[in-house]
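Have the structure open while you read.

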Amino acid sequence: MKSLLKFFCSVKLAIFLLIIITLASMLGTFIPQHRSLDEYVAHYGQWGNLFNRLQITKLYQSLWFLALLCLFALNIIVCTLTRLAPKLRKAFHPKVEMESKEISVLKIKEKFKKNISLDKTNKELKRELSSRHYRLKEAKRENKIFLLARKRILGWFGADFVHIGILIILVGGIISGAGGFRKDLTFSEGDIRGIPGAEFKLRLDKFETEYYSNGMVKDWKSTLTVIENEKPILSKVIEVNHPLSYKGFVFYQSSYGWNWTNTSVGIWVRKRKDPSFLRKIDVTVGERARLESENIHISVLHFIPDFVINERNEIISRSLQPNNPAAFIEGWEGDEKIMSGWIFSKFPDFARIHSEKETDLSFELKNFKADQLSVIQAAKDPGVNFIWAGCTFLMIGLAFAFYWPTREIKVILEESQGKTEIIAGGIASKSREALQSEFEKIMTSLRRSR
Amino acid sequence: MNESLLFLATFILYIISAFYYFSFLFKKRENLAKIGFSFSFAGLFIHTIALVLRTFESGHAPFTNMYESLSFFAWSSILAYVIIEFKYKIRKAGPYFMLIVIALMALASSPLMPKEATPLVPALQSYWLWLHVSVTLLGEAFFAIAFITSIMYLVADSKERKGIKSGLSSGKLDSVSYRCIAVGFPLFTLGGLVFGMVWAYYAWGRFWSWDPKETWSLITWFFFALYLHTRIVMGWKGRRSAYVAIIGFLAALFTYFGVNYLLAGLHSYA
């Protein structure tokens, strides 16, 4: 048991774990995460299967990585606890009495005699130390006085604060991973959706995309209303970086898209031989429109936002973004189909029209309009407050550890034959030079006093 | 006066500074180092104006693409150097450090880096941009000084073993490296990790997603944590400590550049 404790509180284990966790983290950045097994096999051959079996394909969520982190946490806990107890004792119940050789081994020290009484020296020294914000502890023996003066004691605990902060962050991470949930909800304007695990609903009142003058997207804004018991509770316009928080849930502007099912397309029809001829028609997918002054109907059968032909020669939409919008149209003269084919908004000259009957007409896909969708990420992250608390501890700890160095001055005053001998030494947890100069000032002022 | 002209002026001042610093190295006249320092200080001044101007011209923080962030990193490096030089007088490190700054400025001015200020994409429209990037890069600037002083330590140490003394003792270089990391580490923790997590939480909806950039800043942090623990608890000093500090800075550099060009992720701005 004792050897196990010793094993877990060893700094060597901490450093070993730190190195292993670092190497594992690196590995996870070089091997793409969360892809399908096929992709790994295609890219790494037989190694792909091995990666999958070793859970390297989801390294940061793998059991072995989690086990490493737990081991690391255990190491930090044991290290911190075993060091904390003696430190707390030293801070709150220090040993004031000491041997003069304890001082003589210190790097900062001084020893001299003064022709004034013990009490007077003591009073003088205490006044000087107090004025420099030292806290004093004193012990008196027949002809001796022991003084222990310390300041910025929290500096001793800086590293402990840091370690406690890291533990709180790890706990927060585990709580987030186990109890957190995230879901993308797609809204059209006016849609009301229930939130899994919540007693309220969410309505999208309005969604708009703002653009810069150069056409870049400036922001997506969704006006959301929380509805509880059929009553609207509150409304907020959310945008990227400005989510809505309500009852432990947070709603983010996550993405956007279009509802392509009811797209309406604008088609310009021209005659090759008659440049003055131009007809503009607007048709919703699945419907037909008559070409003015001609006995011709145009119907739009399909609209595809991102037209591409795959390796099996099928027409598909590569994405839901309008990267290559295309419409499949048919032209009818009475009951007779005269033409059919694809027209492209980005490639007007590349129409793939198959004509059943000689025709002079040409078609251009000029514009299209679809309802915009707002994708809202609903998230519940019960660990997040632990993270912020842990970060606060971490930063306070770093500040104490680096910039709040504890200073300790130990003094033995001994009276003999009307003279007082002063043996003093100083210990600093960091920046010894600064203590050295303060120590010298204190000693100088003590020498001068009478 | 516009920003690109001021940037050029800054670049020239840094080059002159490096020139004087190097002639100080060869001619060993303290005076030359002082001139070098004045030029780098003048460069810092003009550079500051350039960054302020850039902020007004673009209407956002001056570190939203690679050109801007390189320029800002060069600025923070000079700032960090001026502070360390004032406090610890490490003139001999000046010439080598100026090389890093000039490399950053040269990279920023390379034609590969688009210079025009573009409006901010939605994800970057946050005041966390200011806090996250500036504090992180300032922290990394101190790591850069520790990198130089650690390399100089290795050289000075092997010379001292042969009995050759040079201007800066290995002991001093070792302690300056430590002090730079003692400044850089809290800054990097605050800016890179803490502010990064807070911003990720507001922008992406999760404080940590093991994105390559996030993971690499954690790796960088681990290296410097390793530096501190081996040094403070295990009493490592000198050569081994210097190697850890050097690797730590290389990890920081990879986080800064490598991840953008070699690994794909969420964090695709700069």
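Q: Which stretches of chain A make up domain 3 in the domain assignment?
A: Domain bounds here come from an automatic or database domain assignment. For chain A that gives domain 1 (2-90), domain 2 (96-151 + 405-448) and domain 4 (260-371). Domain 3 is 165-256 + 374-396.

One note on conventions: this is a predicted model, where local features need pLDDT of at least 70 and side-chain atom pairs count only at pLDDT 80 or more, while totals for chains, interfaces and linings use all residues. Residues are numbered from 1 along each chain as its sequence is written, with chains lettered from A and ligands numbered from 1 in the order in which they are written.

Q: What distance separates the centres of domain 1 and domain 2 of chain A?
A: Take the centres over C-alpha atoms. Between domain 1 of chain A and domain 2 of chain A, that comes to 48 Å.

Q: Which element of chain A gives the most to the side that touches chain B?
A: Counting residues as in contact if their C-beta atoms, placed from the backbone, lie within 7 Å, 36 residues of chain A meet 31 residues of chain B. Elements (DSSP runs numbered from the N terminus: helices are H or I, at least four residues; strands are E, at least two) that supply at least two residues each on the chain A side include strand S10 (249-271) and helix H9 (384-403). With 10 residues, the top contributor is H2(A).

Q: How many residues on that side of chain A are nonpolar?
A: Here Ala, Val, Leu, Ile, Met, Phe, Trp, Tyr, Cys and Pro count as nonpolar, Asp, Glu, Lys and Arg as charged, and the others, Gly among them, as polar. The side of chain A that touches chain B has 8 polar and 4 charged residues. Its nonpolar count is 24.

Q: In S16(A), which residue is the bridge partner of Val300(A)?
A: S13 (residues 296-304) and S16 (residues 326-333) of chain A pair in the antiparallel sense over 7 bridges. Across from Val300(A), the partner is Ile329(A).

Technical notes. Contact = placed C-beta atoms within 7 Å. Pairing = 2+ DSSP bridges.
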